[in-house]
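Welcome to a short tour, one selection at a time. Please have your viewer open and your selection tool ready.

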Amino acid sequence: MPEVTDELMYELLKKIHSRMDRLENGLGEVKHEIVAIGLQALSTQTDINNIYAITSRIDQRLERIEQRLELRELAESHKRLMIQDHERLPSWFVEIAD
């Protein structure tokens, strides 16, 4: 078995110290990447929230348009009924009503 000298211990400690430096540098890079991924996830979530807001506004506009169309259809239907009713009335009654 080789003899353990102070010089051998010093060399081993230098190698261990060098490896620890490389590990710390690598760990720092990993931390930076994790922060970057977190920021990217936050940005994606913000984009999704914006899309939901836009979709909600479009949905509200569509509902208003549908309500207007239903009111218009109802008015047109009512007008047709009034014309039909008016055509069924006797002429003397229409002259009085006008």
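A residue is called buried under 20% relative accessible area, exposed over 50%, and partly exposed in between, using a 1.4 Å probe and protein chains only. This is a predicted model, where local features need pLDDT of at least 70, side-chain atom pairs count only at pLDDT 80 or more, and totals for chains, interfaces and linings use all residues. Residues are numbered from 1 along each chain as its sequence is written, and side-chain values use heavy atoms, with hydrogens and water left out.

Start with the whole chain. You will find two helices and zero strands; these are DSSP runs numbered from the N terminus, helices being H or I of at least four residues and strands E of at least two. Of the 98 residues, 1% are buried.

Next, select K14 and E11. Their side chains form a salt bridge at 3.6 Å, N to O, the term meaning a side-chain nitrogen of Lys or Arg within 4 Å of a carboxyl oxygen of Asp or Glu. K14 and E11 are three residues apart in helix α1 (residues 6-88), so about one helical turn separates them. K14 is partly exposed at 41% relative accessibility, and E11 is partly exposed at 39%. How many salt bridges does a search of the whole structure find? The search finds one.

Now move on to E66, in helix α1. Is E66 buried or partly exposed? With a relative accessible area of 39%, E66 is partly exposed.
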